[in-house]
Amino acid sequence: MTTTQQIITIVMVVLGTMTTRFLPFILFPANKETPHFIQSLGKVLPSAALGLLVIYCLKDINLLAGNHGIPELIAVAFVVFLHVLKRNMLLSISGGTFLYMVLISVVF
Amino acid sequence: MFNVKQKSAFKAAFPYTLPILTGFLFLGIAYGIYMISLGFSPIFPILMSLFIFAGSMEFVTANLLLSGFNPIGAFLLTLMVNARHLFYGLSMLDKYQAAGKVSPYLIFGMCDESFSINASTTVPLGVSAGDFYFFVTLLNHLYWVAGATIGALFGSLLPFYPQGLDFVMTALLVVIFLEQWLKDKDHQSALIGMGLTLISLLIFGSDRFVIPAMIAILLVLIPLSRQKEGLKE
């Protein structure tokens, strides 16, 4: 690829990303009444989107090979445990990450 | 530079972005080093992190730049990789449209992490929601560009590379999901989102599960949300 072609490729990626981010706002602008079912959907969608995102983060775990995703699953369980116990966001995240780093370097 | 009201929004927003400071610096540095290792000049990762601002897609783009020239293919691939952002927009319609003149920037910068924080956080009393969303988005954007820049310019000087630090992003999303869970009165929507995505992952594999999962979620949630609204009226 020439430099010009590379720049065009990057611009296309920027346009693609912006399409996925702006499209809902272009389809349902503030000055027009948003269809009722989209309003209803908007209320329940955040929780579902966060659920999707959690799985998305863990998508590359292979349960059948390597360490079978055991360090990830232990560390996620530890994050949940810490967070339910102390409800302190930074503590849960740093505790879980530290445990994960120890697990992959020392145990697995 | 900022007035008193904006300063209070900054102070409220900053602690929420601390895990992302760690995660984005680390991943950004990794991305910068990766681009240099492929033979790109530092200006590439710096500008790509600034303008694309979608982490996983930037790694994909590195490979696109090394294969044959196919701009339409690049556009369509980006739509597929980033399709999940459509859900974020639908979730944030009211909140971001009410944010005034920073609204276009909030939408531009709506990466997974900024969406998660802005969708799940109850903005403290006395703090303008628009300013809070703005600082969360801006700080995350700055962390990512700073990471990519450090990696691109100084990556070769780093003495070691902390294995597993990228888990900080997974931990963050798990905590945000939990917070939302503890806030929700019923957990139907969270379970539907997680369950259908998991089923889709098992059926379609890690490269192509997001779009079938999104379609399945919409098919279940649209009738369900109408039914719930009907019950309230």
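**A note on how chains A and B meet**

1. Let's start with one pair: Arg87(A) and Glu179(B) form a salt bridge, with their closest N and O atoms 2.8 Å apart. A salt bridge here is a side-chain nitrogen of Lys or Arg within 4 Å of a carboxyl oxygen of Asp or Glu. The count between chain B and chain A is 1 salt bridge.

2. Before going on, please keep in mind that this is a predicted model, in which local features need pLDDT of at least 70 and side-chain atom pairs count only at pLDDT 80 or more, while totals for chains, interfaces and linings use all residues. Residues are numbered from 1 along each chain as its sequence is written, chains are lettered from A and ligands numbered from 1 in the order in which they are written, and side-chain values use heavy atoms, leaving out hydrogens and water.

3. How many residues of chain B are in contact with chain A? There are 90, and they touch 64 residues of chain A (contact means heavy atoms within 4.5 Å).

4. Chain B and chain A bury about 6900 Å² between them, with carbon and sulfur atoms giving 80%. Buried area is the accessible area (1.4 Å probe) that two parts lose on being put together, summed over both. Phe69(B), Ile107(B) and Phe167(B) supply 10% of the area that chain B buries against chain A, more than any other three residues.

5. Now look inside chain B, where the domain assignment (automatic or from a database) gives domain 1 (4-164) and domain 2 (184-233).
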